[in-house]
Amino acid sequence: MWFGLVVTFEYTQAFFILIYYWIKALGRVLFVHDVEKNVENETILVTGAGSGLGRGVAKRLAALGATVVLWDVNEKGNEDTKRQILDSWSSAKVLKSFLGSMLAANRGHIVTIASGAGIFGISKLTDYCSSKYAAVGLHDALTAELKQQHKYGIQTTVICPTFINTGMFHGVSGTATSVSLLDENYVCDSIVEAIRKNKHFVMLPPSTTLFYILKGLLPNECTGRFLRFFGLSNAMDTFVGRK
Ligand SMILES: NC(=O)c1ccc[n+]([C@@H]2O[C@H](COP(=O)([O-])OP(=O)(O)OC[C@H]3O[C@@H](n4cnc5c(N)ncnc54)[C@H](O)[C@@H]3O)[C@@H](O)[C@H]2O)c1
């Protein structure tokens with residue numbers, strides 16, 4: 001009896017916490033217009049800078065006056081990006097070493113490029129989905145850890161796009177118009193905007209956020225039906241990728 005009352009009380013409290021944050025989030029969407037932060041003279045590490053999104057984002061951030069640290073296993077691609085930006089460079093360092101100084105200064109921004117494949121399991125993308133679910137997990141756990149340590153000065157952002165026309169997923173087909181191949185420039189612009197507005201979680205196109213919200217509410221069978229409806233279940237059948 002006593003145990004039951006305590007559990008009921010805790011769930012009631014949790015429910016009111018939920019309502020409070022829903023109202024807060026709604027108010028933010030409706031009434032608060034985010035101001036873009038200034039990234040001039042900031043030092044920003046961009047991984048995968050030798051191609052696609054990494055190169056596009058690095059170029060945009062450099063144009064905004066940031067010092068961009070390029071990091072890519074493809075040295076030639078990295079050098080090409082460097083030539084395209086013509087800016088001053090520091091050497092690449094691993095995330096952990098960045099994190100140490102960020103924690104000390106209680107300042108910084110960590111952006112994780114995950115994917116819609118980090119939210120939904122897609123057929124024939126088992127290994128990729130595994131790594132992207134891990135990326136979303138890294139973002140979630142890191143965010144929780146930073147908050148727990150009261151490091152409110154360090155922002156975290158995770159980006160989850162559907163397929164993009166960078167070439168990585170060349171050949172994928174069958175996706176509905178509403179989730180058709182995204183334009184690389186649109187995604188790069190959205191990433192930089194998300195950084196400057198300190199957005200925490202971004203799905204691209206934004207309409208896919210609806211499915212993320214519904215995912216926890218829908219019967220599993222229905223989620224599968226949606227993936228088939230939007231052509232994501234067999235999108236990889238025609239995958240070619242980069243040769
Ligand atoms: N292209 C898409 O459709 C799509 C969709 C959703 C998410 N994403 C994600 O966006 C990110 C960028 O994708 P892209 O389309 O620009 O791909 P891309 O292949 O054009 O660029 C990826 C770059 O990362 C570099 N790289 C790979 N492993 C690395 C490592 N361990 N350390 C440093 N650099 C490394 C590669 O050499 C390459 O230059 C990836 O994480 C990808 O999974 C892409």
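What covers the buried residues of helix H2? In this predicted model, the cover includes strands S1 (43–47), S2 (67–71) and S3, together with helices H3 (75–85) and H6 (184–196). H2 is mostly covered, with ten of its twelve residues buried. Among the buried ones are Gly52, Leu53 and Gly54, and also Arg55 and Arg60. The helix spans residues 52–63 and reaches 17 Å from its first C-alpha to its last, close to the 16 Å expected at 1.5 Å a residue. Just after H2, Gly65 takes a positive phi of about 95°.

The shell holds 21 residues, of which Gly48, Ser51, Gly52, Asn74 and Thr166 come nearest to the ligand. Gly52 is also one of the buried residues of H2. By class, eleven residues of the shell are polar, nine are nonpolar and one is charged.

Strand S3, part of the cover over H2, belongs to an open sheet of three strands in the order S3-S4-S5, paired in parallel. S3 (108–113) and S5 (201–204) are the edge strands, each with a single partner, so one side of each has no neighbour in the sheet. From one strand to the next, the twist averages 15°. S4 (residues 154–161) is joined to S5 by four bridges, and Pro161 stands opposite Leu204 in S5. Helix H5 (residues 126–148) lies across S3 and S4 and runs at about 160° to S4.

Definitions and conventions:
Residues numbered from 1 in each chain as written. Predicted model: local features only at pLDDT ≥ 70, side-chain atom pairs only at ≥ 80, totals over all residues. Pairing = 2+ DSSP bridges. Helix = DSSP H or I, 4+ residues; strand = E, 2+ residues; numbered from the N terminus. Axes fitted to C-alpha atoms, helices over the stretch in contact; angles between N-to-C directions. Contact = placed C-beta atoms within 7 Å. Near = placed C-beta within 6 Å. Nonpolar A, V, L, I, M, F, W, Y, C, P; charged D, E, K, R; others polar. Expected span 1.5 Å × (residues − 1). Buried ≥ 20, exposed ≤ 12 C-beta atoms within 10 Å, placed from the backbone.
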